[in-house]
Amino acid sequence: DDASEGMGINSRAELAHAEQAMRDRKRQELMEDGVTLVDPASTFIDTQVKIGRDTVIMPFTVISGSPSIGESCNIGPYVQIRDSSVGNACNIGPFAFVRPGTVLGDRVKLGDFVEVKNSRVGEGTKIPHLSYIGDAVLGAGINIGAGTITCNYDGKNKNKTIVGDDVFIGSDTLLVAPVTLGAGARTGAGSVVTHDVAPDELVYGVPARPPRTN
């Protein structure tokens, strides 16, 4: 019944037409399953993608590979998600990039110009602005200040950053991996964290240290 199933592919142009037909089918399937695509024509979703009901996908979003996205999420505009897992009620975008190997818990926020790669992000953690999180394990209820960077590559190895629950990361903090921040720890704005931070400890400065006591 569908003439596109007999389409021949003998050129790049015909390949593009075939891909368009497959994407049209996928978008229709998602909308019938309760996903809102604000502008289907500007939304690119691969056939293996899974998206839960009541999730809203804004224009110029690209979801590729075989990621899974939960229910009641808001994604976009200008978001790219590849081979990752997104929990329920997450808010991603605009201009965010979720790279392969990432797992986001429920109610995670990734804001504008945030990139996350090969990391686990716990429930309710917020990364609102201008940050890079790579090869990290973040707990629940963390607030990541604008401009935070995990310095995961030393020129030879990719190193891990571990951040416990309810940590507060000040703006423009550099986390020089390998490094661990215990639950409830805090960093001041502009800190360069080169050593582990104990639970509930405050550090600040370059390199980051606890406050002096008289």
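1. Two strands are taken to pair if DSSP finds at least two bridges between them, and strands themselves (E, at least two residues), like helices (H or I, at least four), are DSSP runs numbered from the N terminus. On that basis Asp112 stands opposite His129 in E16, and three bridges join E13 to strand E16 (residues 126-129), the two running parallel. E13 also pairs in the parallel sense with strand E10 (residues 91-92), over two bridges, and there Asn91 stands opposite Lys109 in E13.

2. On provenance, this is a predicted model, in which local features need pLDDT of at least 70 and side-chain atom pairs count only at pLDDT 80 or more, whereas totals for chains, interfaces and linings use all residues. Residues are numbered from 1 along each chain as its sequence is written, and side-chain values use heavy atoms, with hydrogens and water left out.

3. Phe113 is found in the loop between strand E13 (109-112) and strand E14 (115-117). Phe113 counts as partly exposed because its relative accessibility is 48%, given that buried means under 20% relative accessible area, exposed over 50%, and partly exposed in between (1.4 Å probe, protein chains only). Together with Phe60, Tyr78, Phe95 and Leu130, Phe113 makes a nonpolar surface patch of about 520 Å²; such patches are made of residues with over 30% relative accessible area and no salt bridge, with nonpolar side chains joined within 5 Å and like charges within 9 Å. A salt bridge here is a side-chain nitrogen of Lys or Arg within 4 Å of a carboxyl oxygen of Asp or Glu.

4. Thr102, in the loop between strand E11 (97-98) and strand E12 (103-104), counts as buried because its relative accessibility is 1%. A polar atom of the Thr102 side chain lies 3.0 Å from the backbone oxygen of Arg99. Leaving aside residues up to four places away in sequence, Thr102 touches Asp83, Ser84, Ser85, Val116, Lys117, Asn118 and Ser119, where contact means heavy atoms within 4.5 Å.

5. For the chain as a whole, the secondary structure comes to one helix and 27 strands, and the C-alpha atoms fill a box of roughly 80 × 35 × 20 Å, taken along the principal axes. Of the contacts with a separation of 6 or more, 9% are accounted for by residues 24 or more positions apart. Buried residues make up 42% of the 214 residues. The accessible surface comes to about 10900 Å², of which 51% belongs to carbon and sulfur atoms, with areas from the Shrake-Rupley method and a 1.4 Å probe.

Conventions
Polar contact = N/O pair within 3.5 Å; in protein donor to acceptor, adjacent residues only side chain to side chain.
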